[in-house]
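Hi,

Here is the structure I promised to pass on.

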Amino acid sequence: MSARERGPIPLHTHCKVCGKSIPWGKDYCSNECREKELKAQKKARRTSRLYLLFFVVMFIFILVISFLSPR
Ligand SMILES: [Zn+2]
């Protein structure tokens, strides 16, 4: 251990899912937590894609409406 790393707590980080302290360089404490996070990310990505689609459809809809209606 180098002089910079001294202290009561060794260099560590926390599990992104459950918050347990784990060795530095790791993201999750277990495969269970890793899979949980991956699933949540996939779901979040799908949800954000749906939102994007919704806004694009709304934008086109408004564009078409304003194009069709006389001023
Ligand atoms: Zn965990």
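Let me start with Cys18, which is partly exposed at a relative accessible area of 46%; buried means under 20%, exposed over 50%, and partly exposed in between (1.4 Å probe, protein chains only). Before I go on: this is a predicted model, where local features need pLDDT of at least 70 and side-chain atom pairs count only at pLDDT 80 or more, while totals for chains, interfaces and linings use all residues. Residues are numbered from 1 along each chain as its sequence is written, and side-chain values use heavy atoms, with hydrogens and water left out.

Now, what does Cys18 do here? Its SG is one of the protein donors of the zinc ion, along with the SG atoms of Cys15, Cys29 and Cys33, lying 2.3 Å from the ion. Donors are N, O and S atoms within 2.8 Å of the metal (3.2 Å for Na, K and Ca); water is not among the atoms, so sites may look incomplete. The angles between the four donor atoms run from 104 to 117°, so the arrangement is tetrahedral (for four donors, all angles between 85 and 135 degrees). The donor spacing in sequence is C-x2-C-x10-C-x3-C. Cys18 sits in the loop between strand 1 (12-14) and strand 2 (21-23), and Cys29 in the loop between strand 2 and helix 1, so this pair ties together parts eleven residues apart in sequence. Cys29 is partly exposed too, at 26%.

As for the fold, the chain has one helix and two strands, in the order β-β-α. These are DSSP runs numbered from the N terminus: helices are H or I, at least four residues, and strands E, at least two. Of the 71 residues, 8% count as buried.

There is one aromatic pair. The ring centres of Phe54 and Phe55 are 5.8 Å apart and their planes at 65°, so the pair is edge-to-face (centres within 6.5 Å; planes under 30 degrees apart are stacked, over 60 edge-to-face, the rest tilted). Phe54 is partly exposed at 48% relative accessibility, whereas Phe55 is exposed at 54%.

Finally, Ile60 belongs to helix 1 (residues 31-68) and is partly exposed, with a relative accessible area of 45%.

Cheers

Key: Four donors count as tetrahedral if all angles lie between 85 and 135 degrees; four count as square planar and six as octahedral if opposite donors are over 155 degrees apart and all others between 65 and 115; anything else is irregular. Rings of Phe, Tyr and Trp (its six-membered ring) pair if their centres lie within 6.5 Å; planes under 30 degrees apart count as stacked, over 60 as edge-to-face and the rest as tilted.
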